[in-house]
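Reader: I would like a close look at a single part of this model, with the cut-offs spelled out.

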Amino acid sequence: MRISTFWYCLKQGVINICRNILFSLASIATVSACIFLFCLFFSIMVNVQYVVKNTETTVGITVFFNEGLDKNKITQIGNEIKQRKEVKEVKFTSAEDAWAEAKKEYFGDMQDLAEGFEEDNPLANSSSYTIFLNDLTQQDELVSWLNGIEGVRKVNYSKTAAEGMNSLNKVIGILSMLIIGVLLAVAIFLISNTISVAAAFRKNENQIMKLIGATNYMIRAPFVVEGVIIGLVGASLPLIAIYFLYRSAVGYVVTKFSILSGLFQFLPVDAIFPYMAATAMSLGLGIGFFVSFFTIRKHLKV
Amino acid sequence: MIELWNVSKTYEAGNKALRNINMTVADGEFVFIIGRSGSGKSTLLKMLLKEVEPTSGKIVVNDMNLGKMPRRFIPRYRRKLGMVFQDFRLLKDRNVYENVAFAQRVIGASTRSIKESVPVMLKMVGLSSKYKFFPQQLSGGEQQRVAIARALINKPEILLADEPTGNLDGHNSMEIMKLLEEINKLGTTVIVVTHSQEIVDRMKKRVIMMDRGTIVSDEKKGGYTYEN
């Protein structure tokens, strides 16, 4: 394609937008709303996943053994656990370590008070393995496997943490898909309508182009340019809004609700924005291109 | 050369527009097609433009069989034809220069080529001084000249004109016909569909008369023989 032809098509696409500015604005607004929600849910989901990942590294499964179980057997169980695919890390805590930890936790600076127990470790049967997983969703499976091992007395794990995080992520995912789906349908309908109106405006011109010998591609190009511009502008506006909104929201939560920072850690805007921008712009471009392409194809049988 | 072999066209509603048409137009010929409304003249032009497909028969233009032409070749084929309409069909939002340049622009011609050929074409149709005028600022005759310049800018081998003087007064009609005759003298085949008896009688060119989808007469230097 010649550069002059490219500029001509671009110019005609812009003229199309200006000719039915109200339709074009409505289309841009719908695409913007759709992509704004997409970015919003994208931010929430990425942050929830980040929290879940953090939880996965901090929430462990603790395995205790039957009274008097042989140390060799405990080591053998430890080796079997380490071989499991879902296991990321296994930490062994001996009875002595457990008692030292308990003394530190319960007696603090007055550990002398625990001297009476020195010869008779109250946690003699509390040697344990703490297991960290690669993926929290595999927790149930591993726990049931651990419970089935001979010599295992008790398996402690936080079911609510895993289930809560996963179900929250799922709910957000489904909700966002539904809302984005509805908005996407509206955006497609409006862009298609805008392109149809533009095609009606240019009916005479397209007819002349056909008879002069313009190719289908040349006749359709201004309309596709129009759709792409609508899609790209519709994607850029919410991205700008989300960038500042996210930064302010995270700053606000961190300063006003500092207690939350111990529980949740938000991703900085610069960490998520490049991915969000790339996805949103591709989405805008894709919607604009495909909707205009297929709409004008329907209108112009050359 | 244009050749039509046993060409018939029946529209979906059952209306028979053309019945078994056979005709040949040699390169560089000037031909008038006359006949009553509904005689099939416009259908014939549409078929030559490959806007309408014949129900049966064969159309060959410059050795190209239109019936066997793949769709993707149609734009390239149409560039060999120029088309002039009764209602001019100019773009009202563009000036004279842009209307003529439009025909080159949409086939992907370079800006340099456009800048070179548009002034030449405007000079040929006598509108050099009005290149900045918009169609509504021009007379009917001038608008048709712009349309002719647009039709000729891509150097077509054949010029098809559907009632080119239908919206013009007698003086402007003759001016347009003189222009078409000059174009014909430069080697372009010209086919004009018209109702104007005065023009046909004065030009003394080949006249094909149609009636109810058939050719009823074909005279080398004919006149307007049927009663309107």
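Which residue of chain A forms a salt bridge with B:Asp93, and how far apart are the closest N and O atoms? Please describe the surrounding interface as well.

Author: B:Asp93 pairs with A:Arg19, and their closest N and O atoms lie 2.8 Å apart. A salt bridge here is a side-chain nitrogen of Lys or Arg within 4 Å of a carboxyl oxygen of Asp or Glu. This is a predicted model, in which local features need pLDDT of at least 70 and side-chain atom pairs count only at pLDDT 80 or more, while totals for chains, interfaces and linings use all residues. Residues are numbered from 1 along each chain as its sequence is written, chains are lettered from A and ligands numbered from 1 in the order in which they are written, and side-chain values use heavy atoms, with hydrogens and water left out.

Across the interface of chain A and chain B the rule gives 2 salt bridges. There are also 7 residue pairs in polar contact, both residues at pLDDT 80 or more; such a contact is a pair of N or O atoms within 3.5 Å, where within protein one must be able to donate a hydrogen and the other to accept it, and residues adjacent in sequence count only if both atoms are side-chain atoms. On the side of chain A that touches chain B, helix H1 (3-19) and helix H7 (203-212) each supply at least two residues, helices being DSSP runs of H or I with at least four residues and strands runs of E with at least two, numbered from the N terminus. H7 of chain A gives the most to that side, with 8 residues.

With contact meaning heavy atoms within 4.5 Å, 20 residues come from chain A and 23 residues from chain B. The two chains bury about 1,900 Å² between them, 56% of it on carbon and sulfur atoms; this is the accessible area (1.4 Å probe) lost on being put together, summed over both. In chain A, the residues that lose the most area to chain B are A:Ile208, A:Leu211 and A:Ile212, together 34% of what that side buries.

A:Ile208, A:Leu211 and A:Ile212 also line the largest cavity, along with residues of chain B including B:Leu81, B:Met83 and B:Phe85. A cavity is a set of points on a 1 Å grid over the protein atoms alone where a 1.4 Å probe fits but cannot get out, and lining residues have an atom within 4 Å of a point.

Note on methods:
On a 1 Å grid over the protein atoms alone, a cavity is a set of points where a 1.4 Å probe fits but cannot get out, and a pocket is an open set with protein on both sides within 12 Å along at least five of seven lines; lining residues have an atom within 4 Å of a point.
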